[in-house]
Amino acid sequence: MTKINLDKQWKYFNQDIQKYIKENDFYQLGNTYYEMAEFVKKEGKDNNYLTNLGYQAKLKFQNEKLKEYKNSGIVNAVEIIAVTNCTNTDNNSCEVCLKLNGKIFPISEALLSNPLPVKDCLNIYGCRCCY
């Protein structure tokens, strides 16, 4: 990739980050950070900082969802759903996530233990599991 194309890619990443921050879309923000991390990794550079930013954004998203469920007064437990039905099995959840598939947590426990996103998920775009 040429220097100009690299610069364009980073421009698009930064535009996406600004957009998702403005929209408070922490899930997509996390995905963008994971995309950036993969891009940096392909350049042979350390991507831990960007991977951690992606994880933190997705953690914020999941915690906000749990708080919404708790405040609803209707939901008192959540079930983890891993990605298992992709026709291309390479897009299914990793083994770490599949071990959590179907597990049920009281909301108060999920808020304390943060089972999602899975920190050790092996997907290049981070954990895609949901409650």
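A crossing of two helices is called left-handed if the near helix is turned anticlockwise from the far one by less than a right angle, and right-handed if clockwise. The close-up views below show a predicted model, in which local features need pLDDT of at least 70, side-chain atom pairs count only at pLDDT 80 or more, and totals for chains, interfaces and linings use all residues. Residues are numbered from 1 along each chain as its sequence is written, and side-chain values use heavy atoms, with hydrogens and water left out.

**View 1. Helix 2 and helix 3 cross in a left-handed manner.** Helices (H or I, at least four residues) are DSSP runs numbered from the N terminus. Two packed helices are described by the angle between their axes and the distance between the axes. Here the axes of helix 2 (residues 26-42) and helix 3 (residues 48-72) cross at roughly 165° and come within 7 Å. Helix 2 is therefore roughly antiparallel to helix 3, a term for angles over 145 degrees. Axes are lines fitted to C-alpha atoms, for helices over the stretch in contact, and angles run from 0 to 180 degrees between N-to-C directions.

**View 2. Residues of helix 2 meet residues of helix 3.** Contact means heavy atoms within 4.5 Å. Helix 2 contributes residues including Phe26, Tyr33, Tyr34 and Val40, while those from helix 3 include Leu50, Tyr55, Phe61 and Glu64. By class, this contact has 13 nonpolar, 4 polar and 3 charged residues. Ala, Val, Leu, Ile, Met, Phe, Trp, Tyr, Cys and Pro count as nonpolar, Asp, Glu, Lys and Arg as charged, and the others, Gly among them, as polar.

**View 3. Gln62 of helix 3 is buried.** Its relative accessible area is 4%, where buried means under 20%, exposed over 50% and partly exposed in between (1.4 Å probe, protein chains only). The side chain of Gln62 reaches the backbone oxygen of Cys129 at 3.2 Å. Not counting residues up to four places away in sequence, Gln62 touches Leu116, Pro117, Cys129, Cys130 and Tyr131.

**View 4. Glu109 lies in helix 5 (residues 107-113).** Glu109 is partly exposed, at 39% relative accessibility. Its C-alpha atom is separated by 8.9 Å from that of Ala77, 32 residues apart along the chain.

**View 5. Ile124 lies in the segment after helix 5.** With a relative accessible area of 41%, Ile124 is partly exposed. Leaving aside neighbours within four places in sequence, Ile124 is in contact with Tyr34 and Glu38. Ile124 and Phe13 are 16 Å apart in space, C-alpha to C-alpha, and 111 residues apart in sequence.

Key. Helices (H or I, at least four residues) and strands (E, at least two) are DSSP runs, numbered from the N terminus. Angles under 35 degrees count as roughly parallel, over 145 as roughly antiparallel, 65 to 115 as roughly perpendicular and the rest as oblique. A polar contact is a pair of N or O atoms within 3.5 Å; within protein, one must be able to donate a hydrogen and the other to accept it, and residues adjacent in sequence count only if both atoms are side-chain atoms.
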